[in-house]
Amino acid sequence: MVRILVTGGGGFIGSHLARELYSQGNFVRIADIKFDDYISNRYYSEKMELDLRIFKNCLALTKDIDRIYNLAANMGGIGFITAIGAEVMHDNTLINTHMIEAAKQNKVKRYLFSSSACIYPTYKQMISEVKGLREEDAYPADPDNFYGWEKLYTEKMCEAYQRDCKMDIRILRYHNIYGPEGTYMGGREKSPAALCRKVAEATDPGSIVIWGDGKQTRSYCYIDDAVKGTIALMESNYEKPINIGSEQLVSIDELADMIIRISGKKIRKTYDLSAPQGVRGRNADITLARRALNWQPEITLETGLAITYEWIKSRLEKKTDSQIETSTQFI
Ligand SMILES: NC(=O)c1ccc[n+]([C@@H]2O[C@H](COP(=O)([O-])OP(=O)(O)OC[C@H]3O[C@@H](n4cnc5c(N)ncnc54)[C@H](O)[C@@H]3O)[C@@H](O)[C@H]2O)c1
């Protein structure tokens, strides 16, 4: 039986990933600094509530483990990563430095680091109609926020451990992953979840506020597809950074329109031009993932958004949210 550790296993991608690995019959240890109450059903063999900024915790966690998916990070959507710099760099540098060194000392067989589309340079993302970002576009480096710089630095650290310590490492760049059980309120939510929440909360007829002019573009990948891509990368022999995302570029306006259609409500959009918007346009090129992993997303944006909208709407109806307390402390 393969012994797997998923850090950030109480978070969005980590909990979905752990559930899939556990259902495949693996031993799955999950670790996180906190666990939300809304993730239902047991999806792990062992659960450890630990702060990974502390080296001795990382060392204890990585004992007797074959594979590590290191997903723990202090992160959030565009509002959070625009506002918070020092804490993001401090916490994530500590987590990633300690985790890779602990994995080395405990002779873990394979290690995956979750990087981000935020590592790509601002100058490649200046217009709405952007070309998909290819892995080699990362350099010359110019990420548009501190979170992206930390991810890029950690990618380089992985490269150094591959070379000097002969560690077997996988580096994955997620592009906007969305779906149920992700953060949807409190300041760390990303655009699909934020818009689903706004639409679900709006009266009918009513209105919602869009951050920016709505013409900024992104691509979004549904969580089940992202989990499949993550496992495919871990099981592959590919050792360089690789994109996991979707190539379906949409504007934030189009994204909002899809969610409004799903809701069946009559909703007017208004625009807050002073709100953070991030880069003007960002799309993924997944040619490499198709070739190296035989992977591509299967779930359409319309289908994924319908599932996500229903989940967020039902959460709001229950009105028992502990997320508000856990996430507002950072903003
Ligand atoms: N969701 C996306 O679209 C996306 C895009 C690019 C990259 N990523 C990366 O993928 C990974 C998972 O992202 P996610 O969307 O699931 O985010 P998430 O915030 O839901 O999960 C991250 C988890 O890490 C935990 N964590 C934070 N600080 C910790 C600490 N000191 N010790 C232990 N645990 C700690 C958090 O409590 C959280 O549960 C992260 O590394 C993130 O940077 C995600």
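The legends below describe close-up views of a predicted protein model.

Residues are numbered from 1 along each chain as its sequence is written. Because the model is predicted, local features need pLDDT of at least 70 and side-chain atom pairs count only at pLDDT 80 or more, while totals for chains, interfaces and linings use all residues.

**View 1. The whole protein chain.** The protein chain has eleven helices and 13 strands. Helices (H or I, at least four residues) and strands (E, at least two) are DSSP runs, numbered from the N terminus. The radius of gyration is 19 Å, close to the 20 Å that the globule rule gives for 331 residues, so the chain is as compact as a globular protein of that length. This radius is taken over C-alpha atoms, and the globule rule is 2.2 Å times the number of residues to the power 0.38. The C-alpha trace spans about 60 × 45 × 40 Å along its principal axes. Of the 331 residues, 47% count as buried. A residue is buried if 20 or more other C-beta atoms lie within 10 Å of its own, exposed if 12 or fewer, and partly exposed in between, with C-beta atoms placed from the backbone. Among contacts between residues at least 6 apart in sequence, 79% join residues at least 24 apart. Two residues are in contact if their C-beta atoms, placed from the backbone, lie within 7 Å.

View 2. The protein chain is divided into domain 1 (3–177 + 223–244) and domain 2 (178–219 + 248–284 + 299–328), with bounds that come from an automatic or database domain assignment. The C-alpha centres of domain 1 and domain 2 lie 24 Å apart. Domain 1 puts 33 residues into the contact, and domain 2 puts in 31 residues. On the side of domain 1 that touches domain 2, helix 1 (12–23), helix 3 (78–83) and helix 7 (223–235) each supply at least two residues. Helix 3 gives the most to this side, with four residues. By class, this side of domain 1 has twelve nonpolar, 13 polar and eight charged residues. Ala, Val, Leu, Ile, Met, Phe, Trp, Tyr, Cys and Pro count as nonpolar, Asp, Glu, Lys and Arg as charged, and the others, Gly among them, as polar.

View 3. The largest nonpolar core holds 87 residues, of which V6, C196 and I259 touch the most other members. Both domain 1 and domain 2 contribute at least three residues to this core. A nonpolar core is a set of buried Ala, Val, Leu, Ile, Met, Phe, Trp, Tyr and Cys residues joined through C-beta atoms within 7 Å. Leaving aside residues up to four places away in sequence, V6 touches G14, L17, A18, V28, I30, Y69 and L71.

**View 4. The shell around the ligand.** The ligand is surrounded by 25 residues, and the closest are G8, G11, F12, A73 and S116. Helix 1 gives the most, with three residues. The shell has eleven nonpolar, nine polar and five charged residues.

View 5. Y120 is buried, with 27 other C-beta atoms within 10 Å. Not counting residues up to four places away in sequence, Y120 touches Q125, L133, D137, A138 and P143. Y120 and P140 are 20 residues apart along the chain, and their C-alpha atoms are separated by 9.2 Å. The peptide bond joining Y139 and P140 is cis, with omega about 0°.

**View 6. The cis peptide bond at P205.** D204 and P205 are linked by a cis peptide bond, with omega near 0°. P205 lies in the loop between helix 6 (191–201) and strand 8 (206–211).

View 7. N176 is a residue other than glycine with a positive phi, near 40°. N176 lies in the loop between strand 6 (169–174) and strand 7 (177–178), and is buried, with 20 other C-beta atoms within 10 Å. E181 is not a glycine either, and its phi is positive at about 70°. The loop between strand 7 and helix 6 holds E181, which is buried, with 20 other C-beta atoms within 10 Å.

Methods. A residue is near a molecule or strand if its C-beta atom, placed from the backbone, lies within 6 Å of it.
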